[in-house]
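Subject: Structure for you to look at

Hello,

Here is the structure I promised you. Please open it and keep it beside this email while you read.

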Amino acid sequence: MLLPAVSAHRGTTTGESRIKMASKKKAAKQRGSWRRWALPVAFLALIMTPFLVVFSIEEKTTAAWEEFLARWRSHGESFELQHLLPPPLPDSENVALHPALASFLERQDPDLDWRQSLPGDLPGWNEQAYLRYLRDLSEGNVTNIFASFGLEPCAPADFRAHLGKAFKDWGAVLDRYGQAVRERTLLAFEVDWARLFLDEELPHFAAYSNLGKAFLARAAIRRALGEAKGSQQDLATAMHLARSYDRVPLLLCQLLQTGLLSSILDEIRAGLTDKFFGPSELREIAALLEQAPALPANYLAGLRFERALILDFFATVEASQRAEIFPHSDPGSRGGVIRHLLNRRWMDASRLALCKDQQELFLGTGARLADVERWHSALSLRLADGWEHFIAPLGHEALVSTRMGSSLARPLFTADSMLHGTRLAVALTRYRAELGRCPFLLSDLLPTYLPSLPELDPSVELDYQIMENGAWHLSVRVLGKDLGGWEGRP
């Protein structure tokens with residue numbers, strides 16, 4: 001009776017063992033299968049992770065860029081190049097197409113500076129000394145040009161004899177150029193703006209600034225010769241050339257325009273210091289200063305234009321995939337990294353990084369120096385910390401390009417401040433000459449001697465004082481730095 005029970009027990013034990021053995025075999029087989037697939041799965045995850053990260057970046061940056069565009073477009077801001085291109089200019093108004101200037105432009109070499117526009121055969125002419133004269137003049141240290149000819153101050157007749165026939169011949173050439181300049185209004189060039197960053201050759205933007213400084217050189221010489229009317233006319237011609245750059249909204253052109261205007265203001269200050277100009281010339285100079293370029297407004301337009309150019313360049317790069325249009329495209333350098341990483345997923349990060357730090361500059365009454373200072377700081381931080389907050393290599397190149405905009409700001413605002421100061425100085429000189437006393441307040445100059453008081457950037461300070469000896473003194477400070485000033489002799 002016991003035997004079947006024992007057999008059943010043994011059968012159950014054997015069955016359980018078989019089940020356990022089968023389970024162990026199955027588990028072992030599953031472990032072997034998992035081990036067999038672990039390496040491929042890990043390898044696939046390793047491959048997919050960068051793509052997932054990139055797609056995440058794409059989604060994030062695209063959304064951020066679209067939100068940025070929508071917000072600023074709702075305020076009337078434009079980002080498209082076609083909305084910012086200068087309107088066509090008739091040939092009859094274009095200084096760059098005047099036939100009388102063709103011979104001058106043919107002699108221009110963009111690799112040389114403006115001194116080649118000056119006469120090399122003037123006796124004793126010293127180009128380096130003239131450059132020192134301009135530098136010292138801007139610092140208020142020198143008020144005559146004689147040292148540029150190796151001379152001590154002398155009578156106009158002696159100076160004229162020293163210059164001789166070479167000066168007369170040069171003057172005749174400048175007179176022809178001056179007439180041509182006054183017949184036209186603005187500068188315009190045939191440029192494919194969408195390809196501006198792709199082509200190395202640019203029009204001769206600097207040639208007209210060179211010509212303007214040649215007229216300023218003659219204005220200074222005429223001051224030494226005692227020719228007030230001629231000097232004033234040369235100042236007017238130089239101002240006409242400075243104003244002509246308003247038509248070309250490039251920061252490069254604004255740099256040339258600012259430098260030319262600064263030199264004009266330096267020469268006017270020297271004439272005021274010497275009491276050189278008579279009443280009629282002072283009235284002409286006052287009217288001339290009201291025609292000066294609106295530097296901050298032009299600067300704001302230039303920033304917008306350069307931004308649109310770079311955004312359009314991004315679109316061109318996206319569409320082309322051509323290695324030769326990449327900035328710094330040497331395969332052995334950073335250009336190889338740029339080409340490797342450049343694709344649609346990085347573009348919106350580039351666009352956003354380019355535009356985000358500039359947003360305070362583009363709306364409202366116009367650019368202010370404090371805003372530009374903050375923009376400059378933001379640019380420096382992004383360029384220094386390029387991979388933590390700024391991951392788009394092409395955008396890095398764009399920020400390097402736009403650094404010129406922040407570098408231009410301080411000399412531009414300085415020149416604009418000196419322009420306001422020069423307007424006041426001319427008005428004060430006229431007031432003192434006609435009424436025999438200084439005004440108690442600057443508002444006393446209105447409206448006979450000045451149409452309105454200047455609207456200054458908050459970083460600019462103008463200080464007007466009446467001295468004990470009856471003279472007046474006007475000084476300018478920008479961000480706490482003293483830029484010098486003007487004095488009216490008693």
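**What I found**

P447 lies in the loop between α13 and β1 (460-466). Helices (H or I, at least four residues) and strands (E, at least two) are DSSP runs, numbered from the N terminus. P447 is joined to L446 by a cis peptide bond, with omega about -10°.

Two notes before you go on. This is a predicted model, in which local features need pLDDT of at least 70 and side-chain atom pairs count only at pLDDT 80 or more, while totals for chains, interfaces and linings use all residues. Residues are numbered from 1 along each chain as its sequence is written, and side-chain values use heavy atoms, with hydrogens and water left out.

**The whole chain**

The chain has 13 helices and three strands. Of its 490 residues, 46% are buried. Buried means under 20% relative accessible area, exposed means over 50%, and partly exposed is in between (1.4 Å probe, protein chains only). Now the contacts, meaning heavy atoms within 4.5 Å. Take those with a separation of 6 or more: 72% of them join residues 24 or more positions apart.

**The core**

In soluble globular proteins, nonpolar side chains tend to be buried together. A nonpolar core is a set of buried Ala, Val, Leu, Ile, Met, Phe, Trp, Tyr and Cys residues joined through side-chain atoms within 4.5 Å. Here the largest such core has 125 residues. Y208, I221 and Y299 have the most contacts inside it. Helix α13 (residues 393-435) gives this core its largest share, 15 residues.

Which residues is I221 in contact with, leaving aside its neighbours within four places in sequence? They are L122, W125, I145, F149, F159, L163, F167 and W170.

**Helices α5 and α7**

Helix α5 covers residues 206-225, and helix α7 covers residues 251-273. Their axes are 10 Å apart and the angle is about 5°. Axes are lines fitted to C-alpha atoms, for helices over the stretch in contact, and angles run from 0 to 180 degrees between N-to-C directions. So α5 is roughly parallel to α7. The cut-offs are these: under 35 degrees is roughly parallel, over 145 roughly antiparallel, 65 to 115 roughly perpendicular, and the rest oblique.

From α5, the contact takes in A206, S209, G212, K213, L216, A219, A220 and R223. From α7 come L256, G259, L260, S263, I264, E267, A270 and G271. By class, that contact has eight nonpolar, five polar and three charged residues. Ala, Val, Leu, Ile, Met, Phe, Trp, Tyr, Cys and Pro count as nonpolar; Asp, Glu, Lys and Arg count as charged; the others, Gly among them, count as polar.

Both helices are mostly covered. In α5, 19 of the 20 residues are buried. In α7, 18 of the 23 are.

The expected span of a helix is 1.5 Å times one less than its number of residues. For α7 the expected span is 33 Å, and the helix reaches 33 Å from its first C-alpha to its last.

Look at S263 in helix α7. Is S263 buried or exposed? Its relative accessibility is 11%, so S263 counts as buried. Beyond its neighbours within four places in sequence, S263 is in contact with K213 and L216. S263 and L235 are 28 residues apart in sequence, and their C-alpha atoms are 9.8 Å apart in space.

**Helices α6 and α8**

Helix α6 (residues 228-244) and helix α8 (residues 279-289) have axes that come within 10 Å and cross at roughly 5°. They are therefore roughly parallel to each other. In α6, the contact residues are A228, K229, Q232, L235, A236 and M239. They meet E281, E284, I285, L288 and L289 in α8. This contact has seven nonpolar, one polar and three charged residues.

**Positive phi angles**

G226 follows α5 and has a positive phi, near 80°. K275 has a positive phi near 50°, and this residue is not a glycine. K275 sits in the loop between α7 and α8. K275 is exposed, with a relative accessible area of 51%.

L479 also has a positive phi, near 50°. L479 is in the loop between β2 (472-478) and β3 (481-488). L479 is partly exposed, at 41% relative accessible area.

Best wishes
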